[in-house]
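Here are a few friendly notes to read alongside the model. Please keep the structure open and find each part as you come to it.

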Amino acid sequence: MNPSSSTGDIAIYIKSSHLNSVEKTAVADLVAHADHEFIPPLSSRSSTTQQRLDLTIDSSQTASTDAYCRELETQSFVFAVASGDTATAKENIIAFLSYRPHTTLFDRKRPLSHYVSTIIVDPHYRGQGVAQRLYNALFAIADEQGVSVSTRTWSTNNAHIALLKKNHFNLITTIPNDRGEGLDTVYYERQNQH
């Protein structure tokens, strides 16, 4: 199944195979621009599933999101694309949600899950329901396949946590101070809705 939808000027599509060069460039651009909105920054991570997140960046090294992007390229994606007559295809990709299908979380007793590793919406399109539409596309796939959807974030990522709670995600574990003093890593899961 490869669901896609279009509402207004934004279309949603699923990509479960290798990204093309336009998609790779768009993902890299979005990651680079959102790098320091994440705690810790994506440029300080070598993996999308890295366990130790209380990282410090050596100021003598140039931080790059290249390693993180290479890891993303192995995952499945939900893309949001804005239509327009003058924009190139790369400029049209305004958001993505990357996920690892059929993943077992840290607790092997938990059911398989589509694990969301990264979600980024271009700042110009935030507050317009784009993240919700990305999640809705993933929910349709997960529900059809009978799996849950899970993710992790940090405890002060209020906008993302509000979206998760709105979509019936439950907090499944908290790792206190995992991202620094007072910054917990929190794992959420939404059970299959069928």
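1. Let's begin with the whole chain. Of its 194 residues, 47% are buried (under 20% relative accessible area; exposed means over 50% and partly exposed in between, with a 1.4 Å probe and protein chains only). This is a predicted model, in which local features need pLDDT of at least 70 and side-chain atom pairs count only at pLDDT 80 or more, while totals for chains, interfaces and linings use all residues. Residues are numbered from 1 along each chain as its sequence is written, and side-chain values use heavy atoms, with hydrogens and water left out.

2. Next, the order of the parts. The chain has five helices and eight strands, taken as DSSP runs numbered from the N terminus (helices are H or I with at least four residues, strands are E with at least two). Along the sequence they follow the pattern β-β-α-α-β-α-β-β-α-β-α-β-β. Among contacts (heavy atoms within 4.5 Å) between residues at least 6 apart in sequence, 62% join residues at least 24 apart.

3. Now look at helix α5, residues 158–166. Which of its residues are buried? They are His 160, Ile 161, Leu 163 and Leu 164. Seen down the helix axis, these buried residues fall within an arc of 160 degrees, so they line one face of α5 (the arc is that of the directions from the helix axis to the C-beta atoms). In general, an α-helix has 3.6 residues a turn, so residues three or four places apart point the same way.

4. The face turned away from the buried side carries the exposed residues Asn 158, Ala 159, Lys 165 and Lys 166. The cover over the buried residues of α5 includes β5 (113–121), α4 (130–145), β6 (148–154) and β8 (185–190). Just after the helix, His 168 takes a positive phi of about 70 degrees.

5. Thr 153 is worth a stop. This residue sits in strand β6 and is buried, with a relative accessible area of 2%. Its side chain makes a polar contact of 2.8 Å with that of Asn 157 (a pair of N or O atoms within 3.5 Å; within protein, one must be able to donate a hydrogen and the other to accept it, and residues adjacent in sequence count only if both atoms are side-chain atoms). Leaving aside residues up to four places away in sequence, Thr 153 touches several others, including His 160 and Ile 161.

6. What about the largest nonpolar core? This core has 30 residues, and Tyr 135 is one of those that touch the most other members (a nonpolar core is a set of buried Ala, Val, Leu, Ile, Met, Phe, Trp, Tyr and Cys residues joined through side-chain atoms within 4.5 Å). Helix α4 gives the most to this core, with nine residues.

7. Finally, follow Tyr 135 to the rings. The structure holds seven aromatic pairs (rings of Phe, Tyr and Trp, its six-membered ring, with centres within 6.5 Å; planes under 30 degrees apart are stacked, over 60 edge-to-face and the rest tilted). Tyr 135 and Phe 169 form an edge-to-face pair, 5.8 Å centre to centre, with 70 degrees between the planes. Tyr 135 lies in helix α4 and Phe 169 in the loop between α5 and β7 (170–175), so the pair ties together parts that are 34 residues apart in sequence. Tyr 135 counts as buried at 1% relative accessibility, and Phe 169 counts as buried at 4%.
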